[in-house]
Amino acid sequence: VQLQASGGGLVQSGESLRLSCAAAGFNFRLNTVGWYRQAPGKQREFVGNITSGRQTNYADSVKGRFTIGRDNVKNMLYLQMHSLKPEDTAVYFCKTVYRDRNFWGQGTLVTVSS
């Protein structure tokens, strides 16, 4: 299983950014895949996920601002982020569970300046 996140960068408060995660090595369309983030000095936290049936779940802190999507043909997971805030600054990771094991991408850094 391989997950590779990309798309991070430096943006200003209020701007938008889209993260991507390329998946390989498992039947992507059958798996729930999701995003987590880890801010400096803090624990990794759940951002949101999307099930194989395209049901989405979000952390309260990002509801209404972030949207998760998936492309089962390209085996891609996306995180569209709007109205970014400085507190969204973190390394963002994509994640899936396969055969009862957690698999993480390498993370992509998002920095939001005020």
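Q: How do strand 1 and strand 3 pair, and over how many bridges?
A: In this predicted model, strand 1, covering residues 2–6, runs antiparallel to strand 3, covering residues 17–24, and five bridges connect the two. One of the residues to look at is Ser6, whose bridge partner in strand 3 is Ser20.

Q: And which residue stands opposite Ala22 in strand 8?
A: That is Met76. Strand 8 spans residues 76–81 and pairs with strand 3 in the antiparallel sense as well, over six bridges.

Q: Switching to charges, how many salt bridges does the structure hold?
A: There are four. Among them is the contact between Arg37 and Glu45, where the closest N and O atoms lie 2.6 Å apart.

Q: Is Arg37 buried or exposed?
A: Arg37 counts as buried because its relative accessibility is 5%, which is under the 20% cut-off, whereas Glu45, at 36%, counts as partly exposed.

Q: What about Asp88, which residue does it form a salt bridge with?
A: Asp88 forms one with Arg37, with 2.9 Å between the closest N and O atoms. This pair links distant parts of the chain, since Asp88 sits in the loop between strand 8 and strand 9 while Arg37 belongs to strand 4, 51 residues apart. Both Asp88 and Arg37 are buried.

Q: Which residues do salt bridges with shared partners join into one network?
A: Arg37, Glu45, Arg65 and Asp88 are joined in that way.

Q: And Asp60, what does it pair with?
A: Asp60 forms a salt bridge with Lys63, the closest N and O atoms being 3.2 Å apart, and Asp60 counts as exposed at 64% relative accessibility.

Terms used: Residues are numbered from 1 along each chain as its sequence is written. This is a predicted model: local features need pLDDT of at least 70, side-chain atom pairs count only at pLDDT 80 or more; totals for chains, interfaces and linings use all residues. Side-chain values use heavy atoms; hydrogens and water are left out. Two strands pair if DSSP finds at least two bridges between them. Helices (H or I, at least four residues) and strands (E, at least two) are DSSP runs, numbered from the N terminus. A salt bridge is a side-chain nitrogen of Lys or Arg within 4 Å of a carboxyl oxygen of Asp or Glu. Buried means under 20% relative accessible area, exposed over 50%, partly exposed in between (1.4 Å probe, protein chains only).
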